[in-house]
Each structure stands twice: as C-alpha cells, then as structure tokens.
Amino acid sequence: MLRPAGPQAEALAGVMNTTLVVCAFAFVFAMVCLAAALWWKGRRPVPTALWLWGGGLVLPVLVFGGLLLNGERLAHGLDDPSPPGALRVAVTGHLWWWSMRYEAEPDAPAFATANELRVPVGRPVTLTLASEDVIHSYWVPALGGKVDLVPGRLNRLTFTASQAGVFRGPCSEYCGTQHAAMVLQVVAMPPEEFAKWRRAQAGDAPEPVSREALRGAALFRENGCVACHAVRGTKVAGEAGPGGAAKQDLAQAPPLGPDLTHVASRLWLGAGALRNRDPLGDPRTALRQWITDVQQIKPGARMPSYRQLKADEIDAMVEFLAGPPVAGGGSERPLVASTP
Ligand SMILES: [Cu+2]
C-alpha cells in the first residue's frame with residue numbers, strides 16, 4: 001500500500017502494516033465473540049470473571065502492549081540527531097512556500113534555494129525545521145515521518161533516500177488559503193549528479209549580458225521585485241549598460257519571497273502550483289505565466305499579478321531570470337527518471 005523509498009519510511013510502513021493486520025484480527029475476533037454471545041444467550045452461564053478480566057483487560061494489554069513494543073523496536077534510532085556524514089539543510093515554512101538553506105561543508109559553500117529539496121541517494125539528510133509565521137508541517141510520506149514547523153521552535157528530522165526519484169511532500173498542517181498549494185518536491189539524485197547540481201546552485205546567477213536580459217534586470221528592480229526576492233550575485237547595470245555606474249546588487253533583498261537564483265532549474269513554480277519545465281515546450285512559458293497571472297494560478301499568494309506590464313517587458317524579465325541553462329538541473333536538461 002505504501003511505497004517507502006528509504007529506511008525510515010520502511011520502518012514506519014512496517015509499524016503501520018503490523019498495526020493494520022493486528023487490528024483486522026482483533027475486529028474479526030470481536031465479531032465472532034459477539035455472534036457467539038448472541039447464540040449462547042441464556043443457554044448456559046458463562047464464566048464472567050474470565051471474560052471480564054481475560055477479554056477486557058489481559059488480552060487488550062497484551063495486544064496493544066505488543067504493538068507498542070513492536071513500534072518502538074522498528075522505530076528505534078530513526079531520529080538520530082547527527083548521523084555521521086549527514087547533509088544538513090535548514091527548512092523554513094512560509095505562507096505559502098518553503099525556503100531551504102544548505103549548510104556549508106568543507107568542499108562546498110552554503111547556499112539558499114526554495115520549494116525543492118535535492119538530496120543525494122544513500123546519504124543521510126538532517127533537516128532543521130522552523131516556521132516564519134504559522135504552524136506548517138513537513139511530510140514526504142515516501143521518505144519518512146511528519147514533523148511540524150512551529151514558530152519559535154526548531155524541530156528536526158533525519159531521513160535517507162535509498163532510490164532516485166521525485167517525491168511529493170504536501171504541507172500537512174492547515175495554514176491558510178493556499179495550504180493546498182504549498183508542496184515541497186524532494187528530488188533524490190545519484191551522488192555525482194547531486195554534487196554537480198550543488199556546485200551549480202551555490203554559484204551566483206549569471207550576470208545578464210544580452211540587451212534583453214539587462215532590460216529585464218532593470219525592470220525587476222524598478223517593479224519592486226527586489227523587495228521580496230533575491231537573485232544572488234547579480235548586479236543591475238541600470239541605464240548605463242554593462243559596467244555602468246548605477247550598479248545595484250539584487251542579492252540585498254529581504255527573504256520575504258523565494259530566492260530566485262537559478263529559478264529556471266526548479267521543477268515547479270509557486271511551491272508546486274505550476275509546472276516549471278515542460279520538456280517538450282518552451283521552458284520559459286511557466287515563468288511568463290507566473291509573473292503575469294500569479295493571482296489566478298495561486299489566489300491569495302503574497303505576490304501580485306503583473307498584468308500591467310507589457311508582453312515584451314515580461315519577456316525581458318523572464319530572459320533575465322531564466323538565464324542560460326544551469327548544470328545539474330538546468331532548463332534544458334531532462335528530469336530525474338522515476339516519479340513514485
Ligand atoms: Cu499548510
């Protein structure tokens with residue numbers, strides 16, 4: 001029934017399956033007892049003490065105690081706070097998106113991304129889970145248990161993906177209008193591919209060079225997008241063109257909205273609201289659609305629709321945001337194979 005893709009999820013599936021089987025037997029047993037009692041009624045006295053103490057106390061204690069011990073046995077050690085060699089990622093829930101911060105490692109710098117958690121197959125991952133606003137809940141059923149993200153608290157979850165694939169994680173604590181469109185995709189990749197992706201993501205966004213991308217960057221700043229979004233490492237040359245004096249760093253934005261560095265490499269936009277990359281179509285269609293019609297795609301999202309912009313202005317912004325393809329998950333690359 002469940003399709004676990006890691007040891008933690010397998011253990012939890014084991015607990016659930018045992019519980020289901022035992023409960024099914026208990027139900028059948030109770031029904032048989034009921035039928036027997038109806039049939040037996042008034043024919044012969046029954047040993048009350050045996051049924052009351054035996055069936056009402058000893059049997060349930062044995063059954064439920066057994067289930068408890070079995071759960072403890074299977075789940076033992078699942079929440080190891082610091083498994084050796086774990087990848088550490090800080091996940092923060094927002095209304096209505098996820099931010100992800102990969103901690104620095106000796107050979108890899110820290111970097112931020114959003115709505116998509118990429119992990120290497122076979123390596124333990126420790127998430128620290130926090131919330132910026134209300135209570136959210138992290139839950140990727142194929143990879144393990146459910147943990148709440150509570151304002152003012154730091155929770156933790158450890159899991160290992162044992163196979164490559166894309167695993168869906170819906171927010172599982174009602175958090176307002178767009179709760180249903182607050183989806184986190186976990187992409188488990190072969191370790192070499194992950195290392196490539198990580199290197200590419202940690203790097204800055206490419207500085208816009210084409211005339212259109214430069215115009216897009218200027219529009220991005222002028223329309224106030226920088227109030228919520230960052231595009232790491234990118235400076236806008238303004239009217240002066242490349243190398244001009246009016247440079248402004250687009251990475252200096254507060255994290256009110258998703259970090260848009262390498263946004264074209266993500267599978268979805270708006271926390272699962274819109275498929276970002278159509279392998280057959282133009283990979284920029286979704287970005288264009290999102291900027292123009294966000295309130296139609298995800299009503300109530302904190303970002304307004306930019307319908308007042310002309311089509312060529314939107315195109316310029318998309319040109320700036322999409323940039324050239326990124327290694328390890330760029331806009332032209334095929335997706336990771338299996339989708340359980
Ligand atoms: Cu929610």
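Guide: Buried means under 20% relative accessible area, exposed over 50%, and partly exposed in between (1.4 Å probe, protein chains only). This is a predicted model: local features need pLDDT of at least 70, side-chain atom pairs count only at pLDDT 80 or more, and totals for chains, interfaces and linings use all residues. Residues are numbered from 1 along each chain as its sequence is written, and side-chain values use heavy atoms, with hydrogens and water left out.

Visitor: Which accessibility class does Cys228 fall in?

Guide: Cys228 has 31% relative accessibility.

Visitor: How many disulfides does the structure hold?

Guide: A disulfide is a pair of cysteine sulfur atoms within 2.5 Å. For Cys228, the closest cysteine sulfur is in Cys225, 8.6 Å away, too far for a bond. The number of disulfides in the structure is zero.

Visitor: Are helix 5 and helix 6 oblique or parallel to each other?

Guide: The axes of helix 5 (residues 285-297) and helix 6 (residues 311-322) cross at roughly 125° and come within 9 Å. Axes are lines fitted to C-alpha atoms, for helices over the stretch in contact, and angles run from 0 to 180 degrees between N-to-C directions. Helices (H or I, at least four residues) and strands (E, at least two) are DSSP runs, numbered from the N terminus. Angles under 35 degrees count as roughly parallel, over 145 as roughly antiparallel, 65 to 115 as roughly perpendicular and the rest as oblique, so helix 5 and helix 6 are oblique.

Visitor: Where is Val121 found?

Guide: Val121 and Met189 are 68 residues apart in sequence, yet 5.6 Å apart in space, C-alpha to C-alpha. Val121 itself sits in the loop between strand 4 (116-120) and strand 5 (125-131).
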